[in-house]
Amino acid sequence: MDFDKEIVMATLKDILKEVDIDSDKRNYGYIYLWNQNRKNVKEYFSIVFKYLNAQDVASLLGCSVDFIRSTRRTNKKTPMPFDFFIKLLKVKQYFIVIACEEPEEMF
């Protein structure tokens, strides 16, 4: 898939501005996804890392590149925080739509 990275990054930043973590904490579907995949970030968000590098993702989430790299390790002991997980989920949903990926990969 070819895309203009500047446009995609700007669009994703706009999408992430609208994320309401407090509301999402009351969404049992999101809580379930987080519990199932918070230690499985590398595989669950593979589509995100297919199109964006760790630096891009860190820029979107407002965290360090080292943090993003550490979340992608398969042997890590600490789970990804809920707020970062939800933001990455929104990024994943965006890429599924623009990449026309299979819908079952969304959740």
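Helices are DSSP runs of H or I with at least four residues, numbered from the N terminus; their axes are lines fitted to C-alpha atoms over the stretch in contact, with angles from 0 to 180 degrees between N-to-C directions. The model is predicted: local features need pLDDT of at least 70, side-chain atom pairs count only at pLDDT 80 or more, and totals for chains, interfaces and linings use all residues. Residues are numbered from 1 along each chain as its sequence is written, and side-chain values use heavy atoms, with hydrogens and water left out.

Helix α3 (residues 28–37) packs against helix α8 (residues 82–99) at an angle of about 105 degrees, the axes being 10 Å apart. The two helices are therefore roughly perpendicular (65 to 115 degrees). In contact (heavy atoms within 4.5 Å), Tyr 30, Ile 31, Leu 33, Trp 34 and Asn 37 of α3 meet Phe 82, Phe 85, Ile 86, Leu 89 and Lys 90 of α8.

Seven aromatic pairs are found in the whole structure, a pair requiring ring centres of Phe, Tyr or Trp (its six-membered ring) within 6.5 Å, and edge-to-face planes over 60 degrees apart. Two edge-to-face pairs are listed below.

| Pair | Centre to centre | Angle between planes |
|---|---|---|
| Trp 34 and Phe 82 | 5.5 Å | 90 degrees |
| Tyr 44 and Phe 45 | 5.0 Å | 80 degrees |

Trp 34 in α3 and Phe 82 in α8 are 48 residues apart, and both are buried (under 20% relative accessible area, 1.4 Å probe, protein chains only). Tyr 44 is likewise buried, at 10%, as is Phe 45, at 0%. Ring pairs join Tyr 44, Phe 45 and Phe 85 into a cluster.

Definitions and conventions
Parallel < 35°, antiparallel > 145°, perpendicular 65-115°, else oblique. Phe/Tyr/Trp six-rings, centres within 6.5 Å; stacked < 30°, edge-to-face > 60°. Buried < 20%, exposed > 50% of the residue type's maximum accessible area, 1.4 Å probe, protein only.
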